[in-house]
Amino acid sequence: MTYFVLKFLHIIGATVLLGTGAGIAFFMLVAHRTGNATTVAAVARIVVIADFVFTTTAVIAQPVTGIALAWYVGYSLWERWILWSIVLYLITGAFWLPVVWMQMEMRNIATKAAANGEPLPARYHRLFWTWFYFGFPAFAAVLGIIWLMITRPVE
């Protein structure tokens, strides 16, 4: 695999992580603001699918292409900017994994409320706000990784 192909795939993966994360956050927030269980259920169902299809693919591709790029170019994985990228990637994952579970729970809760003609219960709202606040450190970490990829600061 050539340098260009590896770099292209790595940049696409980073773009997918950032774009899917921002898109999912936007659509879930807009659905939540309606207060309508049917709307939340429908949007959450799509969000869960998008997270599994797009985010999971990018989450797997990023370390594979990143390590391959470092090897191809001759960077040590112990370079400070690469180590910080890895730390931020792990932080992103630490927030993303619970978020995936929360999205599935919110989808299930909203689906049940919609089927019963009930409003969204307190548990849904607690999960939503936890999900919402988990997004900030994860999003900031992804932005930090992209900054490190672009600048590759030297010690």
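**Ground rules.** I number residues from 1 along each chain as its sequence is written. The model is predicted, so to speak of local features I need pLDDT of at least 70, side-chain atom pairs count only at pLDDT 80 or more, totals for chains, interfaces and linings use all residues, and side-chain values use heavy atoms, with hydrogens and water left out.

**Entry 1: H1.** I looked up helix H1 (3-34); helices are DSSP runs of H or I, at least four residues, numbered from the N terminus. H1 has 32 residues and reaches 47 Å from first to last C-alpha, close to the expected 46 Å. The expected span is 1.5 Å times one less than the number of residues. I then listed its buried residues (under 20% relative accessible area, 1.4 Å probe, protein chains only). They are Leu6, His10, Gly13, Ala14, Leu17, Thr20, Ile24, Met28, Ala31 and His32. They pack against H2, H3 and H4, with contact meaning heavy atoms within 4.5 Å. Just after H1, Gly35 has a positive phi of about 70 degrees.

**Entry 2: H4.** The 30 residues of H4 should span 44 Å at 1.5 Å a residue, and the end C-alpha atoms are 44 Å apart, which agrees. Its buried residues include Tyr124, Phe128, Trp131, Val142 and Ile145. The buried set packs against H1, H2 and H3.

**Entry 3: the largest pocket.** I put its volume at about 1300 Å³. Of its 50 lining residues, Leu17, Gln62, Tyr89, Val142 and Ile145 are closest to the centre. On a 1 Å grid over the protein atoms alone, a pocket is an open set of points where a 1.4 Å probe fits, with protein on both sides within 12 Å along at least five of seven lines; lining residues have an atom within 4 Å of a point. Volume is the space filled by probe spheres set on the points, which are joined across faces, edges and corners.

Which helix gives the most to the lining? H1 does, with 14 residues. The lining divides into 36 nonpolar, 11 polar and 3 charged residues. Gly counts as polar here.

**Entry 4: the record.** The unreviewed UniProt entry annotates residues 6-30, 81-102 and 131-150 as "transmembrane region". Such annotations may be inferred rather than shown by experiment. I checked two spans. Residues 81-102 are 100% helix, with end C-alpha atoms 32 Å apart. Residues 131-150 are also 100% helix, with ends 29 Å apart.

How values were computed:
Helices (H or I, at least four residues) and strands (E, at least two) are DSSP runs, numbered from the N terminus. Buried means under 20% relative accessible area, exposed over 50%, partly exposed in between (1.4 Å probe, protein chains only).
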